[in-house]
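Biologist: Could you show me how to read contacts, burial and packing in a model like this one?

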Amino acid sequence: QLMTLKEKRILFTSLIIKVIAAMIADGMKPMIGKDGLKHMKNSLHYDGLAMDIDLYDAEGNYLKDSEAHRKYGDYWESLHELCFWGGDGTKKQDGLKWDGNHYSITDAGRK
């Protein structure tokens, strides 16, 4: 059965909390990105199915490298078959290559 947008948004919300909690448990300082300010047309951010998380270490240093997110991106994708992490350029043919702070739930082929 296909999920409605509302069901996907509920799923996204419950799972993004788990990823943020894992970051905090590791001593990281995650910050929700300024969503909606810089996203491409038809972005899942506008549908409430994607979030950028800016990651800072315990000392407050911004970790801009996608690899800093790999542990959390892998965890994110393990939570549900619809979960997509933007940091693994080897699996992309779209504009999300090496977008390590991007966490989303896929919808109608969009990531």
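**Contacts and packing**

Modeller: Lys8 touches Met3, Leu49, Leu82, Ile105, Thr106, Asp107 and Ala108, leaving out residues up to four places away in sequence (contact: heavy atoms within 4.5 Å). The model is predicted, so local features need pLDDT of at least 70 and side-chain atom pairs 80 or more, while totals for chains, interfaces and linings use all residues. Numbering starts from 1 along each chain as its sequence is written, and side-chain values use heavy atoms, without hydrogens or water.

Biologist: Is Lys8 buried or exposed?

Modeller: Lys8 is buried, at 9% relative accessible area (buried is under 20%, exposed over 50%, partly exposed in between; 1.4 Å probe, protein chains only).

Biologist: At what angle do α1 and α2 pack?

Modeller: About 150°, with axes 10 Å apart (axes are fitted to C-alpha atoms, for helices over the stretch in contact; angles run from 0 to 180 degrees between N-to-C directions). The pair is therefore roughly antiparallel (over 145; under 35 is roughly parallel, 65 to 115 roughly perpendicular, the rest oblique). Phe12, Leu15, Ile16, Lys18, Val19, Ala22 and Met23 of α1 meet Tyr72, Tyr75, Trp76 and Leu79 of α2.

Biologist: And what does α2 lie across?

Modeller: Helix α2 (residues 70-79) lies across β2 (50-56), β3 and β4, at about 160° to β3.

Methods:
Helices (H or I, at least four residues) and strands (E, at least two) are DSSP runs, numbered from the N terminus.
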